[in-house]
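Here is a short report on a model with more than one part. Look at the structure first, then read on.

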Amino acid sequence: MNENHRTITVALVGNPNSGKTSLSNQLTGFRDSVANYPRVTVAKKEHVIEHQGWTIRVVDLPGIYSLTSQSPDERIGREFIQNEQPDIVLNVLDAGNLERNLFLTTQLLEMGSPLIVALNMIDEAHDQGITFDIPALRSMLGGPVVEVDSARGKGIGELLNIIVAVACGRIDTSRIDLPYDSHLEQAISRTQDEIAALHPENLNLRQSRWLAIKLLEGDEEIAQQEGDHTRLIQAVREDRRALARQHGDEVDTMFAMARYGFIHGMLAEARRMPEETVKHGDVNRRLDAVFLSRWMGLPLFLGLMWVMFEATFTVGEIPMDWIDTGVGWISDRLDSLIPAGLVHDMLIDGIIAGVGGTIVFLPNIVILFFFLAFFSETGYLARAAFLMDRMMHVFGLHGKAFIPLVIGFGCNVPAVMAARTIESNKARLITILVSPFMSCSARLPVFILFAGAFFAQAAGTVVFAMYVLSIAVAMLASIFLSKFVVTGASEPFVMELPPYRIPTLRGVLFHMWEKAMSFLRKVAGVILIGSIIIWFLQAFPQNVDWDQDYDGQIAALTEQAQTSQRDEHIAALQRERAQEKMRKSYLGRIGIAVSPVFSPLDFAWQDTVAILTGFVAKEVVVATYAVLYNQGESETEESNSLRAAIAGSMAPLTAFAFMVFALLYAPCIATIAAIKAEAGGWRWAGFSVAFSLGLAYSLALAITLVGFLLP
Amino acid sequence: MSKSDDVKEVRGISAVTLRPGQQGVISSIEGDDALRRRLNAMGMVRGISMTAEQTAPMGDPRSYTVMRYQISLRKSEAEKIILEV
């Protein structure tokens, strides 16, 4: 790193739940998901900041416990450090739990990038009476060690200064090699010699030592990389066998024990910890005795979920009314300001109607995410996985799958991405394929609209039923998938339960803010384009070949003396004309063309059109209805709300079948793209679309038939 | 019980059989490589003590305290961890 090349790449590495993401936010002044739940960082995120004239690129890597190649997260972390060679690896540790956190550090030391160690959540440790001898830690780790507290922003300035100082070469990070026992050391140097002979190019001693250790540990990925070098692989295999025979332990365990030995020695010297720190654990125990208790655990969990949904819908009603009024006001203002014509129509009937009809649901989404943020920051979300694991296991899933699925209630895209935290290929693939069945926040507007229009007295219950159904379908689908589609053995469920923490208001609010923003971004982007396309499809062709001369008839009627009968006649003609216009628009033609497929479900062509547009994103379904029905309404005397407009358009049974269909049918484009990326190819993305369409159709048909047969 | 410690199956019990609040010291981890490595990376190696805590309402999994933190393990995994009490 030289002076004229003033960019520093800093890779942020740490255990799940070490406060890594919140440290990243403190460093970069940008907030994204921070949660007291393991593995919130599902993919690597990047931020760029300036400090002392340097450009610092902070790459937030997924939270990992070790650098083996056991999970995709571990592979992402390892490959980034290995291939991208960041200028600095910033290792974030939970100062209250260094025994386990330092295990990753010992592996990072061996990888050879300049390492800065940040002892995070230092205030929490100090509160427990734990103190550190930082100079001693520095000399034992051979590099800078900084105490920080990311929740309170403590030590961040110092950390940034040290990053720059290391990049300038003012601070030395030439670190120690971890010492192993003599048998292991002999095997390492033998293997290193073999490696040196095979890779004469540019492997330095540290790199070949790391490679040797990985090979001796039995790392499958490294063994595959070196797979061509039969002699090396053969020699390593013999060494591993001999060592295991001699010591009675597997070689990787011997390495792990040596690492923990080093860690214990270091902490014995550099950490002061009073005996009564056990008290801290007692608080957790007492809370777990309630939240995980045999009798209260599940009722409490279900109760909390119920409170979350009730608050989302009843409290959300109030700001919804304000937004509705505001959008109406803007629409009226623009209506009088802009002269009639195509631009006027596009703006008011297309953009304002479509976007306005969707933002109305922002309060619901904000409240829902307030609760999810609260649960994850307190540590309860991990307990939820713990409570649900037994049940999830029955359905061929992990307790860990519970979290992606819960995230799925917000949006299926991060849900599919969060599934990568599951090590087992089988469990991960199943989670990816069933998470689109989780009712995401984009579907909520559709449910609220329909429940309000058709089941006004029991709206909350009907929406809740949709959520219950979404869970049931996801569970049954996962049994089906694990039995017939994704077969194979399941893997271990090992999960950290982070300590209970009092959530910071800032943390919860930012989490909530972030979700609200991402929802708005969707409104601004996808929804805007979607609304314009739909408006275009329904506004064109402009010149309709009318079945009858509406204008002539209306003009003739207007000439006559004014009676209530005459006015009714005019209004009827206007409605007929509006309907014919819709029927003959491009949108109507497409809807009519595919509607025979949906006729067994009693869906009208308007519904078919809404379904088609929902492929873009499910909330577009609402925008479509807004545009479709407002268009016809705008010509009559009063502008009814969307709910009233659709209320008469179908029977309650059909409306219910439609809700079920909307819940389950093909994931939106963004989710399909995520499935393709995470499951590895179009094959699974295509499967997901076909599977969910089939399921949605069959279930909606079943509901229609059962409703038809019942009195 | 410490006389013949070169015999593998000394007087070990598995972590599953720990009573709530009872502590044991890990003597070995059985089972496949993937599970052992995972447990190793999370602090569970020979000589480390673990305490049984809460069992989930449906009987599985169970939480344990290891190295000042809590971990959740299924019965099928915990029974691979052999402890000396």
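Two strands count as paired if DSSP finds at least two bridges between them. With that in hand, take Asp94(A): its bridge partner in strand 5 of chain A is Asn120(A). The model is a predicted one.

**The sheet of chain A**

Strand 4 (residues 88–94) and strand 5 (residues 115–120) of chain A run parallel, paired over six bridges. Six strands of chain A form an open sheet in the order 2-3-1-4-5-7, with mixed pairing. Strand 2 (45–51) and strand 7 (145–147) of chain A are at the edges; each has a single partner strand, so one side of each lacks a neighbour in the sheet. On average, and ignoring direction, neighbouring strands of this sheet are turned by 25° against each other.

Helices pack here too. Helix 5 (residues 134–141) of chain A packs on the sheet and touches strand 5 and strand 7 of chain A. The direction of helix 5 makes about 145° with that of strand 7 of chain A. Helix 6 (residues 156–168) of chain A lies across strand 1 (7–14), strand 2, strand 3 (54–60), strand 4, strand 5 and strand 7 of chain A. Helix 6 runs at about 170° to strand 5 of chain A.

**The two chains**

| Chain | Helices and strands | Residues | Buried residues |
|---|---|---|---|
| Chain B | two helices, six strands | 85 residues | 46% |

Along the sequence, chain B reads β-β-α-β-β-β-α-β. In chain A, 73% of them join residues 24 or more positions apart. In chain B, 52% of them join residues at least 24 apart.

**Where the chains meet**

Strand 9 of chain A pairs with strand 5 (residues 69–73) of chain B. The sense is antiparallel, over four bridges. Opposite Glu496(A) stands Ile71(B), in strand 5 of chain B.

Technical notes
Residues numbered from 1 in each chain as written. Chains lettered and ligands numbered in written order. Predicted model: local features only at pLDDT ≥ 70, side-chain atom pairs only at ≥ 80, totals over all residues. Contact = placed C-beta atoms within 7 Å. Buried ≥ 20, exposed ≤ 12 C-beta atoms within 10 Å, placed from the backbone. Axes fitted to C-alpha atoms, helices over the stretch in contact; angles between N-to-C directions.
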